[in-house]
Amino acid sequence: MELDDQLRRYFGTDDLTAVTPDAFAAGIEKMLVDFGLEKDRARRFGLWSLLHMLGSAPDLDVAFKDADDREAARNFMDMVARASDGSGAGNAG
């Protein structure tokens with residue numbers, strides 16, 4: 001699952017700054033529908049991750065029935081939070 005491909009699929013461009021608010025909302029809606037229909041665990045997780053980064057992910061208890069998937073999502077959320085606050089492991093600080 002390539003990020004640029006997903007952005008083009010749902011928003012028509014890989015440049016989110018070029019997306020109008022209406023197009024953004026429509027892309028998120030389509031992504032949520034696809035997330036709900038997706039059966040492949042890896043693809044579901046990828047869609048959820050992108051939705052999370054865009055501020056539109058469903059709650060973990062709704063999104064994932066499997067406890068391991070919920071834990072992986074929590075780990076992803078923690079990793080994103082550390083990266084955004086500059087305390088990521090790869091940060092030379």
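This is a predicted model: local features need pLDDT of at least 70, side-chain atom pairs count only at pLDDT 80 or more; totals for chains, interfaces and linings use all residues.
**Notebook: salt bridges and a helix crossing**

I started with Arg74, which counts as partly exposed because its relative accessibility is 36%.

Next I looked for the partner of Arg74, and found its side chain in a salt bridge with Glu71, 3.3 Å from N to O. Both residues sit in helix 5 (residues 67-84), 3 residues apart, or about one turn of the helix. Glu71 is partly exposed too, at 39% relative accessible area.

How many salt bridges does the count come to? I got 8.

Then I checked Arg9, whose side chain meets that of Asp34 in a salt bridge (3.3 Å, N to O). Arg9 lies in helix 1 and Asp34 in helix 2, so this pair ties together parts 25 residues apart in sequence. Arg9 is partly exposed at 47%.

I also found a network of salt bridges linking Asp5, Arg8 and Asp14. Within it, I looked up Asp14 and Arg8, which meet at 3.1 Å, N to O.

Back to helix 1 (residues 3-11): its axis comes within 12 Å of that of helix 3 (residues 41-53), and they cross at roughly 75°. The two helices are therefore roughly perpendicular to each other. I listed Leu3, Gln6, Leu7, Arg9 and Tyr10 on the helix 1 side of the contact, and Arg43, Leu47 and Leu50 on the helix 3 side. They divide into 5 nonpolar, 1 polar and 2 charged.

Last stop was Asp40, in the loop between helix 2 (21-37) and helix 3. Its side chain reaches the backbone nitrogen of Ala42 at 3.2 Å.

Terms used:
Residues are numbered from 1 along each chain as its sequence is written. Side-chain values use heavy atoms; hydrogens and water are left out. Axes are lines fitted to C-alpha atoms, for helices over the stretch in contact, and angles run from 0 to 180 degrees between N-to-C directions. Helices (H or I, at least four residues) and strands (E, at least two) are DSSP runs, numbered from the N terminus. Angles under 35 degrees count as roughly parallel, over 145 as roughly antiparallel, 65 to 115 as roughly perpendicular and the rest as oblique. Contact means heavy atoms within 4.5 Å. Ala, Val, Leu, Ile, Met, Phe, Trp, Tyr, Cys and Pro count as nonpolar, Asp, Glu, Lys and Arg as charged, and the others, Gly among them, as polar. A polar contact is a pair of N or O atoms within 3.5 Å; within protein, one must be able to donate a hydrogen and the other to accept it, and residues adjacent in sequence count only if both atoms are side-chain atoms. A salt bridge is a side-chain nitrogen of Lys or Arg within 4 Å of a carboxyl oxygen of Asp or Glu. Buried means under 20% relative accessible area, exposed over 50%, partly exposed in between (1.4 Å probe, protein chains only).
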